[in-house]
Amino acid sequence: RNKVSKTILNKEYVVKQSTRQIRRYMTEMVGSIQQSKSACPFGIRNICSMMFELVKKTFPENLELPYITVSRFVFLRFFVPGIMNPKLNYLNSCHPNMRISRTLMLCAKLMQQVGNMSSQPCKESFMIPLLPFVEQQTEHVRHYIKGLVTIYKCSSPPTKLISPSQSLFTHTTVIMSGWADKYRTRFGSTEKVKIFKQRFFSLSYAALSFGTKETGQKMSCSKLIAINDIISVERVDKYVFGHKYILQILIAKGSDHVALYMKLKSLNEVTEWISSLRKTCSNNSNHLDFYHPGVYNGKRWNCCGSRALTEQGCNKTHRSIVLGDWRDPLNSDAEIQTIFSQLYNAKDCLKLVHNYSTLLLETG
């Protein structure tokens, strides 16, 4: 009996201590959310304001519904995912362990309950002791939403949704960057010794650049390769250079070609670089149809055995992204930049398709 009673007391103590700790975490989170409304991007605040006014106009008899609608949208789409997955939302450099993940999951459930602005009973019984705390936060959330949707009271709205320094649709937006070993040669070079040098690569919509220092510092000996000059991006056969994670970038220089080789550390890096480069130059019109996955050793191509230096490639090139391409966390700015550049480059073609479709509809 004494053992059983001690076990029960220990469990009750743990529950009380855990409840107190969760309340402390939640208090800090709600306080941070209240102070963050001025840092919320204007575009999101504008959407919330329009949503608030539309619900208010549609349901004038329910004064609480506009607050509830905006609150559920903001908490469900922004705050709760950020709590549950801090790394994927750029809040932490690594994934939390199992114990911290469980705590974050509990906080996320409570945060959504706070964002719902309702006193409905929780589905999980262990969350019942926290219901009074959730009800106490309703007024704080209401005050936060009121400040979030009030954007034109004190000043006129900004003329731009995004400042020039934050613009996603610029030629200088960095899609991908990182260190890699570089070897550059004329297409089909007969050099016997291939010396790789470490360089920092940076890919933007306009060019692929590399130099001896990271971006942000003054790049010394920096080189630029225009995206329009890239005619193919492919992998090199395993162990051609004594290393299996190498990709080749074929670049047009008038009637000649230049081959740029990048030696990377893992298959994931190779996949990410190939996919990013292919997506960036997907609209290039001078794409190469065939390539050599090997190198020319002075006598023959070691991939197909052809002796002609200028022989057409033995493998067909690819233009699509690599299967299994994934990024953690996803770079939303880079993906938006890529999508925009593809649509922008194809605007004339899209306009022709639109005009043709309109003509077909008009003629029946």
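A cavity is taken here as a set of grid points where a 1.4 Å probe fits but cannot get out. In this predicted model, three such cavities of 30 Å³ or more are found. The second largest cavity is a handy one to look into, and it holds about 50 Å³ of space.

Its lining brings together residues from several stretches of the sequence numbering: Ile231, Ser232 and Val233, then Arg278, Cys281, Ser282 and His287, and finally His318 and Arg319. Strand β5, which spans residues 230-235, is the element that gives the most to this lining, with three residues. Sorted by class, the residues around the second largest cavity comprise three nonpolar, four polar and two charged ones.

Attention now turns to the cysteines. A disulfide is a covalent bond between the sulfur atoms of two cysteines. With a cut-off of 2.5 Å between the sulfur atoms, the model has zero disulfides. Two residues illustrate how this comes about. For Cys304, the closest cysteine sulfur belongs to Cys314 and lies 4.0 Å away, so the pair is too far apart for a bond. For Cys314, in turn, the closest cysteine sulfur is that of Cys303, at 3.7 Å, which is again too far for a bond.

The surroundings of these two residues can be described as well. Cys304 is partly exposed, its relative accessible area being 38%. Cys314 also counts as partly exposed, with a relative accessibility of 33%.

How values were computed. Residues numbered from 1 in each chain as written. Predicted model: local features only at pLDDT ≥ 70, side-chain atom pairs only at ≥ 80, totals over all residues. Heavy atoms only, no water. Buried < 20%, exposed > 50% of the residue type's maximum accessible area, 1.4 Å probe, protein only. 1 Å grid on protein atoms, 1.4 Å probe; cavity = no way out; pocket = protein on both sides within 12 Å on 5 of 7 lines; lining within 4 Å. Points joined across faces, edges and corners; volume = space filled by probe spheres on them. Helix = DSSP H or I, 4+ residues; strand = E, 2+ residues; numbered from the N terminus. Nonpolar A, V, L, I, M, F, W, Y, C, P; charged D, E, K, R; others polar.
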